Amino acid sequence: MSRASDPSRDFGLPEGYFEQNTFLADDFIEEISRVDIEFARKNALFEPKPFVRTFERALDKLLAAQSNLDTNIAQLERTAGACAEDHRKKMVRLKQTFGTVGSSFEKLETQISEVSSNTIRIGEQLDTVAKEKDRAEAIKELVEFYAQLNEGDTRHLDELLEGGSEGMIKVANTLRRLNTIIMDNEYSAPANAKAKRQIEIYSENFEKTVLGTFEAAYRDGDVHNMSVSARTLDAFNGGVSVVKAYINQHPFFLSSMISQSQDSIAEASYQSMEGVSDINHLPPPPDRWLVQLYVDTRSVMFKDWAIVSKVFPRPIEIMQQLLKRVFEQTIQSYLETLFARAEGQSKLAFLRVLASSHLETRKLVEDLQRFDAETITPAVMVLESARRSGNSSQGLLDMPGDAQTASAQFSRSRSRKNVNKSSKSGSHASIDDDDDDLDDEAAARDRLGEARSGVSSAVAIAALIGRSEGDNAGVGLLHGFLNRCCDDLFESYIAGGNYMGAEQTHLKEAFRQALVPFVRVHTERQGPSRGKALLGMISSVTGSVSTVSNNTGNGPSATLGGMVGTSNSGPNSSNSTAVGAPAEPDRSINTSIARMLLQVHAEAISRAVELESDAAAPDAVAALTCQLISTLGDEYVFPALEDALESLQDLRHEPDIAMLGVIRMANVVVRLLQIHFQRAIVPFIGNGNYIYRDIVAEKNQLMSRVELSLNLITNKLIGVCTQWIGGILGKQRKGDFRPAEDDFTAFEMGTQPCRQCTDFLRRVEQACRQNLGTENQERILADVGNALHRILMEHLRKYVVSVAGGLVLAKDVSRYREAITSFGVPALNDKFAVLQDISNIFLVQPTALKSLLDEGPLSRLDRATLQAFVQMREDSRSSSLVKQFM
């Protein structure tokens, strides 16, 4: 708003008063009526007229200002509409202009495309003409050479041979093409016989000469002449002859160690493998000569690459053939001799030698694969990239005729054994170019040397040739070939179930050998028909486990909630095999045998994991584990438990409390199996798959059967102990509780059946403490204590007790109570405390008997029971105690 149209001055207010953001109507009214307000404050009476006049003038001024503002707004709207219309017209004209420019550019682009297409066609035609020209010149040159040789003239070829390496390569290419021509039937006519014969003779002499030069340079270590000769023969016939010469004259195959008799070498080295056939001996280290052979192989391959990469145009082919010769000739022949010798000695020796040899061979292959991935493959790919970028007529992978190698066919798939990712420290031969005549490869070799000096893996070198980091990084060209070489060495021994058949046969024999002491004693203990009924009893009880075992867990607590779940702490630990009263060795489970079975099985698993493929290893481990579980249960644990149960059938002798040791040892065996399962089996079969579930079900079934068998033995043992206690108390004489007045022995020590019974109870308690956990201790001791209490309640109602006999009876009950108190079962303490009160019935005077029965703990007992005890007092009839009690 301009100053001229600002209504603030009309009201005597500061300029721009109405434009303030903080404008308030109350403040405005106060400002215009300030004078009237001051005047009104001075007068006592309020006069409204000054205010009315002031507000009327202000209202008139505001209306006038509003009229001016409306006029200004209307004018600005007209101006803005005119500007907008003008802007719209300008944009329409600008859009038309841009459309015209775009059409012009499209026409220009079309014309340029037509010109470029014509240029490309012209270039292609010129390239075709150039190729045809080169081909015509080459044909002309071949015709001239053919005509000269038909006339017996070789001077032109001889001149080329004198021209150095380039001339030799040109002669090689010419002869190769001439040999291709004469192989055509059109040139087999008699008129061409002379030319054909001359070409063959000259080619043969040329090959012999160049091959002789290569062999002489090979013996002298002249890498330059070796390279020239190799490249010449490669151009002549694909390098077949020069590769054969290099490999056949290799010192590795000509050394005295290799040329010795394989039988004598294997015999001397095999004798050093002590204990190879002993199941109790740890597997010996690998064959010494085989290890040395692999060390020499590594050294030869690492050193030969420095020569091969300089000499041969396709080094990957030579390395492949050299490795194939080493594996198929040297290594395979020695392995066959070694395996035959081991197999002739024993099945275990064969399996151990097979596994150790396979392990060493795999280590060799992994070292060679790592060297290939870090050195050979990067070098080959850099040289190939250089050849292709240099428009070379023949690259590393462009090989003529039958000389094409499998370098383009090498599988890049990963083998079943992972390549070790760690860098191998060793001397890698540098590849320095000494061939001044091979200018087309000099730059590539310089780039390779610079790259190898600054990187530790093939990833950085791959950046030079445009190879992405994810394209099989870390896997070389020879990776699949080396895996096949390793697999071929052992295929006849592993494939088709050959290894698993041998392993399972050995495992069966080894288990039988480990069980020989137990089986011998077990057989001696078995009579003609002894134990058959008991075996059927255990089978009937445990047979139902298979229907529910699949739903159980895989831990000891999940499957062994009863007798198998003993304490594992302190002297009662299940892992402490030497604690407690040891059971007789001919009737108990010996953990040394169980450990031997697990050790043999663990060794078999290690061989299966080593020899089988990753896909087949879990099934192999599962099969071996099922064999272990079957043997451990059916041939060892359950026969031992059968003997233990059978020994409890003879009631003529005191029950063998040592059977509790069988329970402890069976628990130890089960825990050892569980630990073995977690540490030696699960890592190789995985979790959550069907193999894991099947093995867990098989294991849990065994553990559940053991638990039920131990429960059966325990219940039988409790029953036998109860019968034995009853038998001891049955020998109680009627006069034991009516002793003479001077029988102080009875007063001090109690009766003999009581002493025998308490001694037996202490032996039961000691055996439970030594062999069972807290929960099972309490269970068995509670059952025995309850049985004793029940027997004593019946026993004390059978004998008349005199006044002096009451002292003897109280002594006996005190001894029983002392023995039961040591059990540590609170419920038994209460029962025998009541029994002690019952013994007081025979001690108190007749006058105090009623208060004893009515006021003490005996008041809770049945009246009939108490009456039966009162009747056994010697004075019960004479003092009419029964009537008083009733």
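**A bent helix, a helix pair and one methionine**

Helix α23 bends by about 35 degrees at G633. Keep in mind throughout that this is a predicted model. The helix covers residues 617–647, and at 1.5 Å a residue its 31 residues should span 45 Å. The C-alpha atoms at its ends are 44 Å apart, which agrees. How many of the residues of α23 are buried? The count is 25 of the 31, so α23 is largely enclosed by the rest of the structure.

Next, a pair of helices. Helix α5, residues 165–182, packs against helix α7, residues 223–237, at an angle of about 20 degrees, and their axes are 7 Å apart. Because angles under 35 degrees count that way, α5 is roughly parallel to α7. As for handedness, the α5 and α7 crossing is right-handed. On the α5 side, the contact is made by S165, M168, I169, A172, N173, L175, R176 and N179. On the α7 side, V228, T232, A235 and F236 take part. When reading those lists, recall that an α-helix has 3.6 residues a turn, so residues three or four places apart point the same way.

Last, M749, which sits in helix α26, residues 744–749. Its relative accessibility is 39%, so M749 counts as partly exposed. Which residues does M749 contact, leaving aside its neighbours within four places in sequence? They are R755, K811 and R815. D812 belongs in this part of the picture too: it is 63 residues from M749 along the chain, and the C-alpha atoms of the two are separated by 8.0 Å.

Definitions and conventions
Residues numbered from 1 in each chain as written. Predicted model: local features only at pLDDT ≥ 70, side-chain atom pairs only at ≥ 80, totals over all residues. Heavy atoms only, no water. Helix = DSSP H or I, 4+ residues; strand = E, 2+ residues; numbered from the N terminus. Expected span 1.5 Å × (residues − 1). Bend = angle between axes of the 7 residues up to and from the residue. Buried < 20%, exposed > 50% of the residue type's maximum accessible area, 1.4 Å probe, protein only. Axes fitted to C-alpha atoms, helices over the stretch in contact; angles between N-to-C directions. Parallel < 35°, antiparallel > 145°, perpendicular 65-115°, else oblique. Left-handed = near helix turned anticlockwise from the far one by under 90°. Contact = heavy atoms within 4.5 Å.
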